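Thanks for asking me to look this over. Here are my notes, point by point, to read with the model open beside you.

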Amino acid sequence: MKDALQSILKKNGIDEWLIRITGIDGVQGYYILDKKEMLRFQNAVEIEVTVYRTFSEGDDKYRGSMTVALSPSMNAAEIGEKLKFAYDSALSVKNKWYPLSNSEAGERTPTQQSTIFDDDFEGENKSQWVERIAGDIFETEHSGVVFNALEVSVARNEHTLVNSDGINYSWTDYSCFTELVTTAGGDKNGEVELFDLYRFSDYSSEQMGRRVKQQVLSTLDRQKAERLSKPGDLRVVLRGNALFEFFSYFLIQANARMIFEGMSVFKQGKQLQSDGDLLTIDAVPYLTGSDKNSFVDKDGVVPVPVRLLEQGKAVSIIADLQFGTYLGEEITGSSRNINVEPGSLNSDFFNKSPYLEAMEFSDFSMDPVTGNFGGEIRLAYFFDGKNKTPVTGGSITGNVSTVLNTLRLSSETITDGAYNGPDFIYLDGINITG
Amino acid sequence: MVKVKNSEFLKRIKPEITKIVRLLENRFDYVSILGTDTFGYKYQLSGENSSIEESMWTERGFIARILDGGRVYEYSFNLIDTGVGGEIADKIVKAVEGSDPKGFRQYTLHQEEPLKLSFNDEVKVDPVSAGAEKIFSNMQTLFDRTLEAGEYVFNARVVYEWARVAKLFISTAKNLEQTYVWSQAYLIPMVKKENLIKVIYAAASGIGGLEILKSLENRIESTVADAELLLSAEPVIPGEYDVICSPDIAGLIAHEAFGHGVEMDMFVKNRALGKEYIGKKVGSSLVTMRDAAFPVRQCGSYRFDDEGVISGNTLIIENGTLKNGISDTLSAVSLGTVPTGNGRRESYLHKAYSRMTNTYFEGGNDSVDAMIASVDTGYLIDYTQSGMEDPKNWGLQAIAFIGREIKNGKLTGNIVSPVVMTGYVPDILNNISMISGDMELSGSGYCGKGWKEFVKVSSGGPYIKTKMRLG
């Protein structure tokens, strides 16, 4: 397919291009209780081609481009027609010129990480992965909790990325998810549920077991939870999935496009914090098991780790090929995982003054422009100074700029998906609605 | 108006797909194949940058659904050409026979009645033939006027996306084809005062073409004015308030609060409280709510769903009483009900679930002025930011960009932002005390099931007055 596409590009006089091909071989199991509702197979090839043009007006040099999706079921005439359309349309995209990723600049090599799937993902064997992962989940101790529904998806992706400037990469990765719905019934609050979507690229039975066990405990606690009422002025502790969302503010603010378009307040060298635990944050291309690992980014750049913040000071930005060039930055490629250095808080913190420890939200959201964040609480723990009780309902809202100088980070760390950093963070200046 | 062109690919490959169905129906209890050939482009323009890329909704592929001894399988593929139907049929048989048959639920699918349908929609200004130059020219006009519309506007983004949807469904009894075009457009002014940056958006969407982008022209001034108001917005003081929801927010509530709660695959899993309330009062008698893929013409419209069931027009709530849910085929089989034509997939690589289409509250008899005049202290809430469902416990979480302050029956001109709306869904619906007459639907976003499985939908309604907790 790669050679055929290059031949069609050449035939149409297109000499600047980038081809991305992904072969998908997947299997998915959908369960209601412990019985499969459906078993699905995926066997597909997806293709994207970006066509570039270099053109000038007066002394100004421009880069036009258009990205199109092709299908392996297209014949040569269809592909040629679509690429020609892209080539013509690219003239209407009048961006300042930037280079393509090239083999000279690309001395970095994509790091091929071994995965547990590599040894056993051939032919019909792959459907056994659904059974194995489902088995690990169903076998986790869950007295008092029902595994109401489960989805398991495992796919191997064979990637090829090649461009007209000599880049030629091939690599394999895995995109997987489980979605587990747990319920607990009772006489006080009726039946409650929690659900957890877990995306991963490598598999560990132990890690899955820990995650499911935590969900079971949280479900039982949500069943016992009191309605959050009249919370007053409380400190808030964030844990779980909300941590990635919270720190993603810095990942997006430090993005070259956001800075170029004037949407970011991130200024290199600026001290963002004067007090609290000072943040040191890196954007990293690879974390074990993360679904956001980037061996090569969409432009064909092999990304490198970038220190965004060091001791509360803005240090470097994520410079993709186009906008990094515009800003005159060294191109870093686009990393999508977050590494946050730990802080000073240990578990003694939890025995002191009152706080609200938020574990699960309906949907914790962060506005990457304004820094406003918040969500409805599905499960939290209220500590009144003596006793800790599970609570539910209500919401929290806050803004990054108003919490930075009271931000405290735990000394213990966790790695969960695309996040590696403090197990919990402490925030002051949060609005809590009961 | 011009007819939307059919997919030449689906026309060419239809005999091969039919052949696969015929080969497999001899081996299995039920076979169907859904074919998709959807394509479109997304155009973006901002200060010194523009781009054209394939729409995220582009797909060309097939899903074979198989019933074998009561077990349900699906096989997604896109490697196909004339003459390879037999080979694909063999792969499907091999995949099914190679998997462990133990541990499945048992299904007996509804007997399909013979049906042939070919639906070609029309479009006013065809985006397929409009070309990039014309589209960017329209976008540049919007961009330039936005920059001139306010004191604090430093940049803007204009987005236009369209998709031509073409689908084919072949089973033993059915032979269905549909083709239509939808478009959506955003105008996003960016405003800045000292170090404070704010953005907001106006959106337009519907079944149609380039005319949908142009419809944003009369919303430039009001959107920029609202963006500039955000620069002086204060956070809301948490508490329960009388609120008036704009059609946009009414749609968000219809969608998140009750739409997800009547997706009947959630009934099968006992994940939706709505299952217990069919035939019971769930809201004020002013409330009537529907989900209709047809004849409503918005981004959630179609003539048949992704399981080959003809589109429905489902009455969900009538005068405050919960009447019906919406279902995919497997859920209907499990529950002993009739499928409502709501089986939808993100793409050919995904499973079908019970999903909404165009979901809305019906209009009432009150004027917006009278609604505002009836509020002593409260907010008119506008501009959807996000929402999340909780059908099991009927909790609502939704976030809006703007709450316009109302004091003593008048808008004060002050706003709060952001506005997190939470509450118990029946309380919100029971507290609906006034509903305006005019109704609007918006389908510029997309809907997920949990945090994935995105499909195009629309939602809306009239202005509604209720009580909610704001934070």
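1. Two strands count as paired if DSSP finds at least two bridges between them; helices (H or I, at least four residues) and strands (E, at least two) are DSSP runs, numbered from the N terminus.

2. A word on ground rules. This is a predicted model, in which local features need pLDDT of at least 70 and side-chain atom pairs count only at pLDDT 80 or more, while totals for chains, interfaces and linings use all residues. Residues are numbered from 1 along each chain as its sequence is written, and chains are lettered from A and ligands numbered from 1 in the order in which they are written.

3. Now the interface as a whole. In chain A, 57 residues are in contact with 66 residues of chain B, contact meaning that C-beta atoms, placed from the backbone, lie within 7 Å. Strand S2 (residues 35-57) of chain A gives the most to chain A's side, with 12 residues.

4. Chain A has an open sheet of six strands with mixed pairing, in the order S12-S11-S10-S13-S21-S20. Strands S12 (313-314) and S20 (413-416) of chain A are the edges, each pairing on one side only. Inside the sheet, strands S13 (residues 337-340) and S21 (residues 419-422) of chain A run parallel over two bridges, and Asn339(A) has Asn420(A) as its bridge partner in S21(A).

5. Chain B also has an open six-stranded sheet with mixed pairing, ordered S15-S14-S13-S18-S27-S24. Its edge strands, S15 (321-322) and S24 (440-442) of chain B, have a single partner strand each, so one side of each is left without a neighbour in the sheet.

6. Do look at helix H7 (residues 247-259) of chain B. Its end C-alpha atoms span only 16 Å, whereas a straight helix of 13 residues would span 18 Å at 1.5 Å a residue (the expected span is 1.5 Å times one less than the number of residues). In H7(B), 13 of 13 residues are buried, that is, 20 or more other C-beta atoms lie within 10 Å of their own, with C-beta atoms placed from the backbone.

How values were computed. Two residues are in contact if their C-beta atoms, placed from the backbone, lie within 7 Å. A residue is buried if 20 or more other C-beta atoms lie within 10 Å of its own, exposed if 12 or fewer, and partly exposed in between; C-beta atoms are placed from the backbone.
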